[in-house]
Every structure is written in structure tokens, then in C-alpha cells.
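Try each one with the model open, then read through the solution.

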Amino acid sequence: MPQTGTPDGRQNVAVVGAGFSGLLTAIHLLRLNARLRVTLIERRKVFGPGTAYDTGNPHHLLNVRLDNMGAFPDQPGHLADWLAEQPSWRAQDGFITRGVYGDYLQHLLDQALDGAPERLTLAASEARALDRDGAGWTLTLDDGGTVQAEAVVLALGNLEPASPPGVDEALRNSPLYVENPWRLEAEAAEGARDILLIGAGLTMVDAALSLRRPGRRFTALSRHGLLPRAHATVPPEPYVEAFSGGPSDVLKQVRQATQTHDWRAVFDHLRHSARPLWRSWTAVQRKRFLRHLRPLWDVHRHRLSPGSARDIHSMLASGELTVLAGKLSETALDGRSVEAAWRPRGRRRAIRGRFDLVVNCTGPLGVIQQSREPLIADILKKGYGRPDPLGLGLQVDGDGRLIGQDRPTDGLYAIGPLTRGAFWEITAVPDLRAQALDLAEHVAAAGATGQSGAADWPRTDPAAIVRGT
């Protein structure tokens with residue numbers, strides 16, 4: 001790949017990762033500052049949908065209603081308007097498939113390319129290294145090419161999962177084990193009758209519904225054995241009372257509120273308070289929340305669509321799915337099957353079972369130091385960034401700049417789950433779209449060496465902005 005520069009005098013911003021966060025950041029940068037170029041770098045070679053929405057499986061539904069999934073904070077009906085123009089689409093209880101949402105993001109990318117073809121470059125490569133280059137940066141790609149940029153935005157999304165304790169090396173290298181369920185192909189389960197799913201959250205639900213076949217049985221094993229709760233078919237009346245204090249205080253307030261209000265409304269309001277609450281807590285309080293309350297938060301906050309919930313409860317009732325609370329202790333290959341041992345929660349003696357396939361559904365990697373991402377490892381090694389105190393992601397300041405050895409690293413930013421340590425609730429579209437706009441405004445202002453394009457691109461119509469109208 002040839003070197004990407006700025007021969008026209010414009011400054012270049014490299015956005016690493018072209019899923020939702022990266023795409024929206026790029027769109028906002030293009031409209032906010034006409035002197036900026038943007039290079040979107042994506043190793044999967046699929047720009048726009050990202051891993052989460054690059055699926056054609058009809059069982060993979062969004063876990064947020066479509067009326068809260070528009071890409072632009074100030075246009076709540078943007079997604080619904082686009083859907084109304086499509087030849088055929090169907091919502092189930094207000095939820096659409098992730099594949100349809102991926103088409104929506106592809107539409108936004110196409111508009112951006114049509115509106116600013118000379119300012120938006122797509123690089124289908126993996127960024128593996130980052131180096132200072134004067135006042136800017138040079139990214140080295142896996143094909144040997146480089147991208148030069150005045151600023152770099154890391155929009156890597158959720159880091160790929162790692163094998164949980166108890167999965168030995170022999171199984172890890174076996175076709176009877178799937179480490180990344182997002183790369184799970186139905187053919188991998190061909191002939192499997194008994195499948196062990198490690199984890200019981202939304203990832204497990206996706207895997208179970210994708211692999212569901214007559215005569216096939218699933219066992220989902222997680223530390224607490226808690227399934228995600230479901231959205232209501234009809235949204236409940238909003239809850240508006242404020243939350244305050246530490247984790248224990250908030251827990252008491254939530255319990256009291258749910259005595260008189262639908263718990264979904266309570267958690268919806270709590271989610272909007274999550275960022276200021278998180279930032280007000282001490283390191284000890286954050287650790288206490290992660291250790292004791294995170295499982296409860298996850299199952300109430302990250303919910304199933306009503307349709308997916310009906311399917312899962314049907315599988316539970318029929319015996320197709322069994323959910324167990326326990327900890328995997330060991331696995332062993334035994335011919336064409338896997339013998340697994342786990343210790344039930346609250347018990348000392350292990351239970352053993354035999355399975356034809358094991359799927360890791362524990363979710364994204366939660367310890368940044370264990371990341372096998374070459375770019376993350378390179379940034380940490382060179383001191384451009386460092387783990388946040390809890391190891392959830394990279395430490396950033398209020399503007400999203402990575403914190404290096406002792407101060408923010410100018411021109412190097414992160415967005416999305418990589419910033420979870422600073423903002424906590426930063427994985428869903430309603431949060432990411434606001435963060436993408438805030439970050440783009442900061443980067444665009446920092447790069448405004450000439451006349452800004454912000455006045456020419458009214459924020460009230462982002463769709464027109466990316467068409468260049």
C-alpha cells in the first residue's frame with residue numbers, strides 16, 4: 001500500500017477501526033473541519049458494520065429498541081426514517097436484526113464516500129505499530145505500508161475474547177473449541193449434540209440461538225448462573241429520581257425504587273447517571289462495584305429483546321438449554337469429545353460432563369494487559385499509553401487522549417470500550433454516538449489551522465452533511 005499523506009495541505013486523522021465508533025467519528029470529523037482528511041483503517045476489510053453488526057442471522061436482534069439506535073444524537077428518528085425507505089424490513093417488538101443495522105451503517109459510509117471522496121480513504125489493513133513522526137504519527141500496517149497522520153483515534157471496539165481458566169492448550173488448539181463466538185460457523189457444530197457454552201450473557205444467547213437444532217442440547221456455565229433480563233414489550237413509564245453516593249448507596253436506592261416502579265425504567269435512568277456516578281467514585285468503590293455488583297448490573301442493563309427472551313425461555317422449558325452456576329476447573333480431550341469438570345457455586349466437589357463442542361461465550365477481554373492486539377501491545381511498550389488503574393482499558397483524560405508515562409499524549413485518542421475505565425458505561429450505541437461527536441469536535445478543533453467547515457455543515461442534518469450538500 002502506498003504511503004498515505006496530505007499532498008493537498010490538509011491534515012490527516014487516522015481512525016483505527018471502522019465499526020460504529022470509528023465510522024461515526026470519521027463522519028463527524030469530515031463535516032466539522034473541511035481541512036481534515038480521514039483514513040479509516042480496518043483489518044476485517046468490512047467497513048461500517050463492524051463485528052457486532054456484520055451478521056445475516058435472523059436470530060441476532062439488537063438489544064436496544066430501534067427508536068434509540070439512530071446514529072446522530074440530535075436526530076432520534078434518523079434510523080426509522082431510513083428503514084421506512086427500504087423495500088423490506090421487519091421489526092419485532094420494536095427491535096430489528098443486527099444485520100439490518102449493519103446495512104444502515106453501510107449506508108452512512110456510502111454517503112460519506114459520496115460526499116467527500118477526496119477526503120475519506122479506506123485502508124483494508126491491520127495497524128500493528130505506532131511511532132512519533134515529528135508533530136504527528138506514523139502507523140505501520142501489516143502489508144508493509146504506512147499511514148501518516150497528525151492525529152490517531154483508536155476505535156478498536158471490544159477486544160477479542162481470551163480462553164477462560166480451565167481450558168487447556170490441547171483443547172484450545174482443537175476444532176472442538178471455539179474461542180471467538182463471533183467467528184463461529186454453523187459447520188463447526190456439525191454433528192454435535194451436546195454443546196458447552198462458557199458464559200451465560202448475551203453472547204451465550206446469540207450462540208445458542210444460532211446453533212439451535214432439533215435434538216441438540218446446550219449447557220451454559222457461568223460463575224453466577226444469571227441470564228440477561230428482557231426488555232418489556234411496551235416501554236414502561238420513565239423513572240426520574242436522582243441517584244447519588246457510593247455503590248452501596250445506589251444499590252439501596254435502586255431496591256427502593258423498584259418497589260414502586262418498573263425495574264427497567266429504574267435501570268434506564270441509572271444508566272444515564274452511570275458516567276457521573278462512576279467518575280465520582282474512588283478507586284476502592286469502583287473495585288467494590290466490579291467485584292460485587294457488576295453481575296447484577298450486567299444482567300439488568302444488557303437485556304434481551306422480547307423475541308430473543310421468548311426463544312431462550314422456550315429452550316429452557318424444553319430442556320434444550322440448561323444454565324448452571326459454577327466455575328470451570330478443567331477440560332480434557334477424549335477422542336472426538338471433551339470431558340469438562342466444573343465446581344458448582346457454593347460446593348467443593350466438581351461435576352463432570354462430556355460434550356461434543358465447547359464455545360467460549362465469556363465476552364470481550366476484560367484485562368487490557370492481556371490483549372494480543374499488536375497495536376495495543378506496541379502502544380503500551382512504547383509508553384504512549386498505559387492501562388487504566390483497573391485494567392479495564394487504556395487510561396484517558398476527559399478529552400479521550402491517552403495518558404502516557406506521566407501526561408496526556410497529544411494527538412492520540414481512544415473511543416468506545418477502550419475507555420471503559422474512565423467512563424464505564426460506554427459500549428452501547430446511545431453512549432457511543434455521543435462520545436463520537438464529543439471526540440470529533442475536540443479533534444476537529446485541535447486541527448482547525450484554517451477555516452473550519454463547521455459553519456458550512458449544520459449539525460441539524462448530519463445525513464446531508466456527509467453527502468456534501
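Contact here means heavy atoms within 4.5 Å. Helices (H or I, at least four residues) and strands (E, at least two) are DSSP runs, numbered from the N terminus. You're looking at a predicted model, where local features need pLDDT of at least 70, side-chain atom pairs count only at pLDDT 80 or more, and totals for chains, interfaces and linings use all residues. Residues are numbered from 1 along each chain as its sequence is written, and side-chain values use heavy atoms, with hydrogens and water left out.

**Exercise 1.** Work out in which order the strands of the open sheet lie.

Step 1: pair up the strands; two of them pair if DSSP finds at least two bridges between them. β5 (residues 136–141) and β6 are joined by 4 bridges and run antiparallel. Thr-138, for instance, sits opposite Gln-148 in β6.

Step 2: read off the order, which is β4-β5-β6, with antiparallel pairing.

Step 3: find the edges. β4 (127–133) and β6 (146–149) each have a single partner strand, so one side of each lacks a neighbour in the sheet.

**Exercise 2.** Find which residues of α11 are buried, and what they pack against.

Step 1: locate the helix. α11 (residues 374–382) packs on the sheet and touches β4 and β5.

Step 2: pick out the buried residues (under 20% relative accessible area, 1.4 Å probe, protein chains only). They are Leu-375, Ile-376, Asp-378 and Ile-379. Looking down the axis of α11, they fall within an arc of 165° (taken from the directions from the helix axis to the C-beta atoms), so they line one face of the helix.

Step 3: list their partners: β1 (11–16), β4, β5, β7 (151–154) and β15 (401–403).

Technical notes. Axes are lines fitted to C-alpha atoms, for helices over the stretch in contact, and angles run from 0 to 180 degrees between N-to-C directions. Buried means under 20% relative accessible area, exposed over 50%, partly exposed in between (1.4 Å probe, protein chains only).
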